[in-house]
Each structure stands twice: as C-alpha cells, then as structure tokens.
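Try each task before reading its solution.

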Amino acid sequence: MLQPKQRSLSEWVNFLTTTEIPVLKQTARNLQALEQDEQHMCARSIAHVVKYDPLMTVKLLRYLQQHKHRSQEHDVVEVEQMIMILGLETTLNKVSAKPLVEEILGRDNMGALVYLLKTTHRANIASSYAFDWAVRLHDLHFEEIRIAALLHDIAEMLMWCFAPNEMLKIKHLQKSDKTMRSVTAQESIFGFSLNQLQLELAVKWKLPKLLITLMDDNCSNLQRVRNVALAVNLARHSANGWGDAALPDDYEGIAKLLHLQPGDIMTIVGAHKQHEESNNPS
C-alpha cells in the first residue's frame, strides 16, 4: 500500500495517473453477466452499467482521452458514445473492471469501504438531480452536467481507495471539531485539499474542458456550474437526514436556479415525503 504521508500533491497526481483505477464489485459482476449474454450486449447496455459507477466512468474517460485519435475533433463525455468510439471489445478488454475496490481495501479497511460506498451512492443521487434540473432548464449539455455531478467528488473516492487511513483521520478531525471545514482537515493531513488534487488530475488526464469547468465550484457564476454544485450539496446534506440544518439554504439556491419557490423544490426532490417517512418509520 502506498505511503501517502510521503507524497506531495504532484506525486499523488503522478501515482493516480499511472495506477489502475479500481471499480466496484457490483459493476464487475454486471459487466461479466453482460459478456455472457451476447444477445443483450451492446454499447447502450454496457453504458447503463458503467455510468452508475463513478470510478468506472472516470476510468473509461481517462483511457479515451489518453488514446484520442487526431481525427476526433470534439470532446466526448457521454458514456455510450465513448464506448462506441472505442468499440465493445476494446472497452471490455482495455478498460477492464478490475482491480476491485473491495480487493484494494481488503478486510482491514471496512470502515473506509463503507464511506466510499456512501460517497459513490451520493454521487449517483447528485447526478440524477443535476440531470433533471438541466432538462428543466432546457440545457442541451444535460449529459455533461450529469457526468460532472457524478465525478464531482472523484478525488475523494480515489483517496478512500488508496489512502484509507488518512481519509479516516480527516473524518475523525471533523467529528472532533464540528466547525472545522473539510478543506482545513484535508490540508492538515495531506498538505493539500482534495479539490486541488481533483483539478490537477483533470488537467493531467486532459479531461474535456467543459467537464473541468463544470466540476470547478470557483466558476459558480455559470448556471451549469451552479446546477452541479447545488445538486452535489443537496445529495451531501440530505445524506445526513432530511432534517439537516443546511437543507433550507439548498432549497433557496435551487429555487433561484429553477425560478421556483423553495416549497416547490421540496416537493420536486421529495423532501416532505422523505421527512415524514423518517419521522414515522413503519
């Protein structure tokens, strides 16, 4: 296992650029099942599996960017299109569903695995919100916006895989001091923030410029970036329970984005129903 405390930001970027990105066991199982079912195996069916795993999605995106043909004039972000460009055989063989996250972490890091799975689940919820709002806003880049929300916290996921002990220390710091910001905790352990790492990786991996912009909260003056950031925040805060103190501000922000009232947003995301269910468990 890599010794994170000895690694600078640039060393981490180089390591994560050359190492195989692990994928979720469920993703590997689903892809294996598809390979054995030739009748239903196509770009769309493979994409349906891949796009629910942020790690597999970024693995595919990184591979495509590294092997991009000169004739490819436009950046491709949509998962099904990426698979069609590479071909089914190349996708399955060169962007293989291994190693598995569960094997990388092993039994000694079950706590980190739980946090990682929660983060990937949260990313899927955020991507659904972002996609829905982009469609409501008639934004033609709805798929890029969905992917940006899915990958918004990819550096955090990668560090849960490769620096589980340090990530747990960050969690411990924040639990000990509720007022401590995530960036402060991350910098105290790694010497840099996960957002810094993510932006460095995005540039190093030559990810599509639009995707890099959408994942950068510093560009919040752009409607699309606000969409992604609000979706990520809502997914993160609601994961703490629908009574989380930060949610009213989220509803206000989303209401401004969609030109609606906060109460409308609560209805759209099912907050009233979720809150009632949590207060009245059957």
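**Exercise 1.** How many nonpolar, polar and charged residues does the lining of the second largest cavity have?

*Solution.* Keep in mind that this is a predicted model. Begin with the lining itself: Val58, Ile154, Gln198, Leu201, Ala202, Trp205, Leu207 and Met215. Next, sort these residues by class, which gives seven nonpolar, one polar and no charged residues. To finish, look at where the lining comes from: helix H13 (residues 194-204) gives the largest share, three residues. The space inside is about 30 Å³.

**Exercise 2.** Work out which helix supplies the largest share of the lining of the largest cavity.

*Solution.* First, list the lining: Thr119, Arg122, Ala123, Ala126, Ala149, Leu150, Asp153, Met157, Val232 and Ala235. The volume of the cavity is about 40 Å³.

**Exercise 3.** Compare the span of helix H8 with the expected value.

*Solution.* Helix H8 covers residues 110-136, 27 residues in total. From its first C-alpha to its last it reaches 39 Å, close to the 39 Å expected at 1.5 Å a residue. Then step past the end of H8: His138 follows, with a positive phi near 55°.

Methods
Residues numbered from 1 in each chain as written. Predicted model: local features only at pLDDT ≥ 70, side-chain atom pairs only at ≥ 80, totals over all residues. Heavy atoms only, no water. Helix = DSSP H or I, 4+ residues; strand = E, 2+ residues; numbered from the N terminus. Expected span 1.5 Å × (residues − 1). 1 Å grid on protein atoms, 1.4 Å probe; cavity = no way out; pocket = protein on both sides within 12 Å on 5 of 7 lines; lining within 4 Å. Points joined across faces, edges and corners; volume = space filled by probe spheres on them. Nonpolar A, V, L, I, M, F, W, Y, C, P; charged D, E, K, R; others polar.
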